[in-house]
Amino acid sequence: MGTETKRKTRRGKRGGDNKRQQNGTETAKEQGPTTAGPEAASSDAYVAPPMEPAAAPFYFDTQAATDNAETLAEKISPASYGLVNPDLQKYLKSCEDMLDEQNFGSAEDRDIFISNIYSEMKNFELQLTTDHEASRILEKLFWISNDYQIKRYFSLTRDDTIRLVVHRFSSHTIQTLLLLSAVALEREMRGEVCDFADTGDDEVGGPQAVRTALPTFEELILGLARTLTAQWSYLMANEYASHILRVLLLVLAGSPIEDQSNPKSSIKSKRSVKYMEDRNPQPTHHRSLANKRVVPSSFGPALTELLQTVSNDMSDLAARGFTSTTIGGTVLQSMLELQAERASIEYPGSLLDKCLMGLISAKDGSDASNARRDAYIKMMIEDVAGSHFLQLVMKLCSSELLQKFYDSYFRSNLKALAFHPISNFVVQSLFSNARSERQLKSMIEGVAPMVGDLLFKNRPGVVRALVDSCVRLESGYLETVNALYNGLGAKSVAERNELINLLAFLTTYAEFASSDYNRLQFKIQGSLIIQAMLQFPSDGLEPLMDSYFSQDSEKIFSWCKDPSGSRIIEAILKSKRVPANSKRRVLEQYLGRYAELAMDRCGSHIAEACWEAADIQLKEKILREFIKRETQLQDNQFGRFMLRNCRLEQYKRKSSEWRERERGLEKKKLMFKDFLGSGSSDRKPNDAPAQSAAVPKTPQHTTFGSKPSKPKASDVDEIDSLFQKSNVRVSANDQADKINQATAGKVAVADKHDEDKSLEAVMSAISGAKRKKSKSKDKGQEEDKEQSKAKKSKKAKEEERKKRRAFTG
């Protein structure tokens with residue numbers, strides 16, 4: 001009975017078919033021969049209806065499926081080294097709490113604790129990487145290990161790398177080792193990494209063992225790249241090995257790997273990140289991984305050779321298969337990005353050409369109208385994974401290929417694609433990456449009739465992509481404004497004065513006129529469209545600003561207390577395109593209400609932006625308003641930061657010093673506007689005139705809701721960095737003045753006496769601040785000396801007590 005049950009449970013599909021065939025023959029024998037002929041038997045059998053290719057939801061590439069041009073790599077079994085010793089597993093679990101808390105008495109205690117763990121794991125390293133619990137504990141251990149321990153463990157995986165990277169658990173340990181190797185690589189290039197252990201303990205064979213140097217991190221990473229290149233296509237399709245390939249490409253290129261501010265750049269899935277956060281309270285990332293890193297000179301040729309080898313060896317069928325998968329598609333996209341940074345990716349037979357089924361190599365003849373390729377690309381546009389691949393292609397391709405995409409697959413079917421829940425993102429990427437003015441205007445012409453439907457049917461992102469391209473190319477903004485007028489139903493002058501309201505609330509003029517203003521809600525996409533339009537040149541910006549100033553002041557003030565509405569006001573004050581006189585009108589609208597703004601969660605950002613854009617006279621008016629309500633501002637969490645940034649206490653004590661400081665800051669900002677990013681350096685000659693000196697634009701130093709930095713330290717650092725390069729910049733300004741004299745013949749001459757006085761005041765303030773800083777450093781050094789002396793005296797006293805006890809004993 002037991003054997004029969006075992007056979008049933010282990011019988012697979014083939015065994016079930018054999019059993020059904022046997023049962024069929026046995027029943028046929030029992031029934032005996034049938035009198036009916038074969039025609040009668042076939043008439044009773046079920047006949048499936050014929051397949052119709054046109055009814056299939058996706059186009060199946062039957063010709064590519066029968067090519068058999070790809071010789072698939074033989075299946076690689078994951079690594080298996082048996083079960084972990086229960087005593088060792090129990091020991092590692094007992095150490096996990098210490099790894100999570102990291103409450104070590106000193107660095108020496110931590111090093112001893114870590115070395116003890118490695119000594120217990122000796123000869124079981126690979127076995128532990130394939131265990132569920134042990135591999136997770138190993139990742140925690142790696143993040144606090146030294147470079148020698150990481151290098152030694154990494155070198156142990158070289159003999160069985162392929163089987164380890166396809167394993168469910170060991171692949172994560174390999175990835176962590178690779179990340180930490182990238183961090184240690186910078187120290188190795190500076191000569192700060194030791195190739196030997198610190199002490200001759202049991203871990204390296206005892207004190208009498210021969211000390212053999214381990215391979216460098218550079219050699220380990222290059223060896224890993226050579227090993228994985230041989231099976232690259234197979235590993236791309238593996239769900240556990242694909243993320244290691246992505247990390248390896250980024251390490252070889254020196255590109256940022258883990259950007260914590262951008263969740264989309266994460267190399268781990270959301271499920272993996274959530275799993276590690278729940279079981280590892282310590283951070284598992286390094287800040288250097290989020291920045292561009294310096295890599296050895298050998299990495300560049302190695303990466304180029306890897307990409308070229310993989311591109312040449314990968315067949316057309318495999319390349320097209322990876323474009324529609326979420327596992328291998330991410331690796332493929334990383335490969336294309338790195339190839340585009342180094343050389344052209346648009347040539348016949350390239351990896352991109354294989355992925356697009358020969359679209360690049362296709363000519364204007366019959367091959368250009370290939371039905372298989374057209375069906376394949378149209379399927380990709382509406383596919384979840386394929387659409388992500390095409391978005392990247394729109395970003396990397398040339399102007400000619402982008403135009404070919406638009407003419408062949410988007411122009412005739414633009415409305416259906418723009419409203420599709422998936423393909424609309426490809427349309428947005430197409431519009432955002434328009435290369436020329438001609439391309440942009442042709443896109444605006446195709447979208448203009450459907451702008452209203454896009455705004456009101458949950459597709460405003462398409463319109464926003466067009467606006468962003470208008471800002472980038474500085475073209476097509478008038479056509480875009482007219483398309484918005486028609487889509488919003490604003491025809492007359494009075495109706496067009498409500499443009500900013502219609503965009504902010506994303507509603508037609510008829511609905512806006514018949515609804516209650518206080519019940520209307522801001523739309524995030526509408527606010528983003530307005531913020532982008534505020535970067536238009538003067539011709540495209542004028543309708544929006546006229547609409548803003550035609551609104552009632554109470555309505556505008558209510559915007560300041562809304563998260564989306566306050567962003568619009570803040571964008572007006574920070575835009576380089578908005579003229580200075582328009583900004584001053586905005587500042588004067590809030591006179592008498594700045595205290596109320598400063599105490600609001602959203603309005604505090606507006607108050608800060610107004611302070612940055614105001615001149616000294618307006619700043620004094622704002623401070624006098626703050627003085628009247630100082631008690632309320634001090635009790636408010638946002639108001640306190642505003643008072644600190646405005647230096648209200650200094651203004652109350654010595655207003656003359658406060659004015660002198662503000663004048664010095666204004667003159668410094670005008671002198672060094674190239675460094676601070678203010679002024680009109682980005683403007684074209686045909687644009688609006690530069691901002692006047694009365695309304696300077698300063699960078700934002702602090703953000704409300706967070707603790708601001710100390711103003712003195714930041715000012716001193718900024719001044720030091722600017723005056724180090726002052727000689728070069730002054731000479732450049734002199735040359736610019738000479739050119740202006742030769743061309744225009746008129747140069748604005750400032751009062752030299754006042755300028756010299758202000759510079760002397762600035763330099764004296766700098767020297768005074770530096771003296772204070774040096775004094776504080778001296779005090780800190782003296783305090784450190786006193787503390788060290790006190791510690792030495794304590795140690796001496798303890799030693800004397802021990803000696804006395806020993807003597808008395």
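Asn123 is exposed, at 66% relative accessible area. Exposed means over 50%, buried under 20%, and partly exposed in between, with a 1.4 Å probe and protein chains only. Asn123 is not a glycine, yet its phi is positive, about 75°. It lies in the loop between helix H6 (107-120) and helix H7 (125-129). Helices here are DSSP runs of H or I with at least four residues, strands are runs of E with at least two, and both are numbered from the N terminus.

This is a predicted model: local features need pLDDT of at least 70, side-chain atom pairs count only at pLDDT 80 or more, and totals for chains, interfaces and linings use all residues. Residues are numbered from 1 along each chain as its sequence is written, and side-chain values use heavy atoms, leaving out hydrogens and water.

Glu474 also has a positive phi without being a glycine, near 55°. Its place is the loop between helix H27 (460-473) and helix H28 (477-488). Glu474 counts as partly exposed, at 26% relative accessibility.

## Aromatic pairs

Rings of Phe, Tyr and Trp (its six-membered ring) pair if their centres lie within 6.5 Å; planes under 30 degrees apart are stacked, over 60 edge-to-face, and the rest tilted. The count by this rule is 14 aromatic pairs. One of them joins Phe522 and Trp559: the ring centres are 5.3 Å apart and the planes stand at 85°, so the pair is edge-to-face. This pair links distant parts of the chain, 37 residues apart. Phe522 is in the loop between helix H31 (509-513) and helix H32 (524-533), while Trp559 is in helix H34 (residues 553-559). Both residues are buried.

Tyr590 and Tyr594 form another edge-to-face pair, with ring centres 6.4 Å apart and planes at 80°. Tyr590 is buried, with a relative accessible area of 1%. Tyr594 counts as buried too, at 2%.

The rule asks for NZ of Lys or CZ of Arg within 6 Å of the ring centre and within 35 degrees of the ring normal. Arg593 has its charged end over the ring of Phe557, 3.7 Å from the centre.

Glu620 is in helix H39 (residues 616-628). Is Glu620 buried or exposed? At 11% relative accessibility, Glu620 counts as buried. Its side chain is joined to that of Arg659 by a polar contact of 2.8 Å. A polar contact is a pair of N or O atoms within 3.5 Å; within protein, one must be able to donate a hydrogen and the other to accept it, and residues adjacent in sequence count only if both atoms are side-chain atoms.

Setting aside neighbours within four places in sequence, Glu620 is in contact (heavy atoms within 4.5 Å) with Tyr651, Trp658 and Arg659.

## Cysteines

How many disulfides does the structure hold? The number is zero. A disulfide is a pair of cysteine sulfur atoms within 2.5 Å. For Cys602, the closest cysteine sulfur is in Cys560, 9.7 Å away, which is too far for a bond. Cys602 counts as buried, at 6% relative accessibility. Cys397 is buried as well, at 3%.
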